[in-house]
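Hi,

Here's the structure I promised to pass on. Have a look at it first, and then read my notes below.

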Amino acid sequence: VQLQASGGGLVQAGDSLSLSCVASGRTFSIYAMAWFRQAPGKEREFVARMSWSPRNTYYADSVKGRFTISGDNAKNAVYLQMNSLKPEDTAIYYCAADVPPRAIMSSIRYQAAYDYWGQGTQVTVSS
């Protein structure tokens with residue numbers, strides 16, 4: 001499975017931005033996809049996750065109510081709509097895929113639960 005993330009950029013606080021991640025290869029094996037982010041000098045952290053079937057979503061508390069994860073099965077794509085962006089949202093955003101044996105629920109917020117990673121896309125929010 002290969003993942004290609006795109007859509008990052010430089011925006012002002014309060015603006016919106018949408019990220020995309022397209023999967024290729026053995027996409028039929030993907031159970032769920034997620035977004036993580038890594039700010040300078042910090043560890044990579046969980047942002048959001050969506051399973052394909054059932055279509056369940058999970059969010060980090062820091063983005064709940066502002067970010068929305070969605071997907072398009074036909075395009076093998078997952079999206080992250082980010083609204084009301086804050087300077088603290090500045091980070092490199094990575095998409096990741098969870099393939100069977102799928103991650104147990106207690107682990108979905110950890111990097112180790114994911115088997116494949118995209119290259120990352122930079123999001124910078126100015127104040």
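A quick term before we start: a residue counts as buried when its relative accessible area is under 20%. Keep in mind too that this is a predicted model.

Cysteine 21 and cysteine 95 are both buried, and a disulfide joins them, with 2.1 Å from S to S. Cysteine 21 sits in strand β3 and cysteine 95 in strand β9, so the bond ties together parts that are 74 residues apart in sequence. The torsion about their S-S bond is about 60°, so this disulfide is right-handed. The structure holds one disulfide, by the way.

Next, the inside. Nonpolar side chains tend to be buried together in soluble globular proteins. Here the largest nonpolar core has 40 residues, and the members touching the most others are Met33, Trp35, Leu80, Met82 and Tyr93. Several strands supply at least two core residues each, including β3 (17-24), β4 (32-38) and β9 (91-98). Which strand gives the largest share? That's β9, with five residues.

Setting aside neighbours within four places in sequence, its contacts include Leu3, Cys21, Ile69, Val78 and Ala96.

Last stop: leucine 17, in strand β3. Is leucine 17 buried or exposed? Its relative accessible area is 14%, so leucine 17 is buried. Not counting residues up to four places away in sequence, leucine 17 touches Leu80, Met82, Leu85 and Val123, among others. Between leucine 17 and alanine 77 there are 16 Å from C-alpha to C-alpha, and they are 60 residues apart in sequence.

Cheers

Terms used
Residues numbered from 1 in each chain as written. Predicted model: local features only at pLDDT ≥ 70, side-chain atom pairs only at ≥ 80, totals over all residues. Heavy atoms only, no water. Core = buried A, V, L, I, M, F, W, Y, C linked by side-chain atoms within 4.5 Å. Buried < 20%, exposed > 50% of the residue type's maximum accessible area, 1.4 Å probe, protein only. Helix = DSSP H or I, 4+ residues; strand = E, 2+ residues; numbered from the N terminus. Contact = heavy atoms within 4.5 Å. Disulfide = S-S within 2.5 Å.
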